[in-house]
Amino acid sequence: MAKRSVDKAKEAKKDEFYTQLEDINNELRHYRKHFRGKTVLCNCDDPRVSNFFTYFAYNFEFLGLKKLITTCYKNQDIELFSDNSAEKAVYLIYEGDKNGDHIPNAEEIGVHPLKGDGDFRSAECIELLKEADIIVTNPPFSLFREYVAQLIEYDKKFLIIGHQNALSYKEIFPLIQNNQMWLGYGFKGGAGHFISNYEDVATAGNHKEGMIRVSGVNWFTNLDMQKRHESIILYKSYKPEDYPKYENFDAINVNRTEEIPFDYNGVMGVPITFMDKYNPDQFRIIGLGIANLGLSIGVLPYKPEHKKYRKEVQRRGAVDGDLYMMKGEEVVVPYARILIQKK
Ligand SMILES: C[S@@+](CC[C@H](N)C(=O)[O-])C[C@H]1O[C@@H](n2cnc3c(N)ncnc32)[C@H](O)[C@@H]1O
């Protein structure tokens, strides 16, 4: 159900939802050591309502930050949640407590006008990006590819929120595969509640007033963390009958990450949720068994007789590059699989 709200948000470019302080705190506590002496930039934000600004300003001394910069994007659309549309875009600079009360006061926060609307791609925002060491925000999901490309281009450290679907984007997956970006600790139950005026289509039990529930959100980062060095404990031994081979690639299919056999040395297809537990010292990523990314690593196109059969039974139709298995006469296509191999 909640997935529908994300899809709708993407379609309509509904990017106005705000992160809760509790969620920021829950994730950020794992990366404290990275922040000492650093300049942090929170872009794609509105510092006047942003919990990212609150988090870093109030924890400035605790984290030992050098400087905090936040840029405000001036919304052109008055229908949107942020009602600051009439004002000019600004950026804020905070360099720590000056009067000894340990609270970021208005007179300690420098408010500077931006010439443009605060678009993260604008020259003036890129100048601020260059100055920063670590970028932390929840960027617009509709511009996620461009947003990440810019961080990589300027070789920045980052910790940002995105949707797990982004893992299979052709622009994003190679970064994951090359260990240039990985998943953070994430949200409880794989879903986040964000402060928003959009209609929440989550089931009643999950609904929180003034919030939308977005399932499948996660943190994406290139900051090292403990989880990344913890190995998955494997307990199942390989038996051919438990792990069918794909018809179009030399690998076995594993339905659950915890069922990865400890004694199989070949290539294995595992659910995309494996990325949550991925330790690059334990496994290497071979590729993604979906469509063109699949073809690029040698997943064979459908055999003609199977393609015909698949079209008849499934709505999406046969897409060459998708992994598939034969169960008797039946063509079985598992949901998105990452191909991995033990190191
Ligand atoms: C998902 S919201 C998150 C807001 C805030 N970072 C937070 O988590 O509380 C994404 C924000 O990006 C802003 N935005 C949209 N397009 C942008 C652009 N091109 N440049 C900068 N910010 C943009 C939106 O106005 C929106 O406030």
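Author: Start with Asp155. The cut-off for exposed is 12 or fewer. Asp155 sits in the loop between helix H6 (144-153) and strand E6 (157-163). Its phi is positive, about 55°, although Asp155 is not a glycine. Most residues other than glycine have a negative phi.

Keep in mind that this is a predicted model. The mean pLDDT of the protein is 88, and 87% of its residues reach 70 or more.

Now a second residue with a positive phi. Cys44 has a phi near 55°, and Cys44 is not a glycine either. Its setting is strand E1. Is Cys44 buried or exposed? Cys44 counts as buried, because it has 23 C-beta neighbours inside 10 Å. The threshold for buried is 20 or more.

The ligand is surrounded by 22 residues, and Cys44 is among the closest, along with Tyr18, Thr19, Tyr73 and Asn138. Strand E1 (39-45) supplies at least two residues of this shell, and so does helix H3 (51-58). By class, the shell holds nine nonpolar, eight polar and five charged residues.

In soluble globular proteins, nonpolar side chains tend to be buried together. The largest nonpolar core here has 80 residues, and Val40, Phe56 and Ile135 touch the most other members. Helix H3 gives the largest share of this core, five residues. Domain 1 (3-229) and domain 2 (240-342) each contribute at least three residues to the core.

Leaving aside residues up to four places away in sequence, Ile135 touches Leu41, Asn43, Leu129, Leu151, Lys156, Phe158 and Ile160.

The protein has nine helices and 16 strands. Of its 343 residues, 36% are buried. Among contacts between residues at least 6 apart in sequence, 69% join residues at least 24 apart.

Conventions. Residues are numbered from 1 along each chain as its sequence is written. pLDDT is the predictor's confidence in each residue, from 0 to 100. A residue is near a molecule or strand if its C-beta atom, placed from the backbone, lies within 6 Å of it. Helices (H or I, at least four residues) and strands (E, at least two) are DSSP runs, numbered from the N terminus. Ala, Val, Leu, Ile, Met, Phe, Trp, Tyr, Cys and Pro count as nonpolar, Asp, Glu, Lys and Arg as charged, and the others, Gly among them, as polar. Two residues are in contact if their C-beta atoms, placed from the backbone, lie within 7 Å. A nonpolar core is a set of buried Ala, Val, Leu, Ile, Met, Phe, Trp, Tyr and Cys residues joined through C-beta atoms within 7 Å. Domain bounds come from an automatic or database domain assignment.
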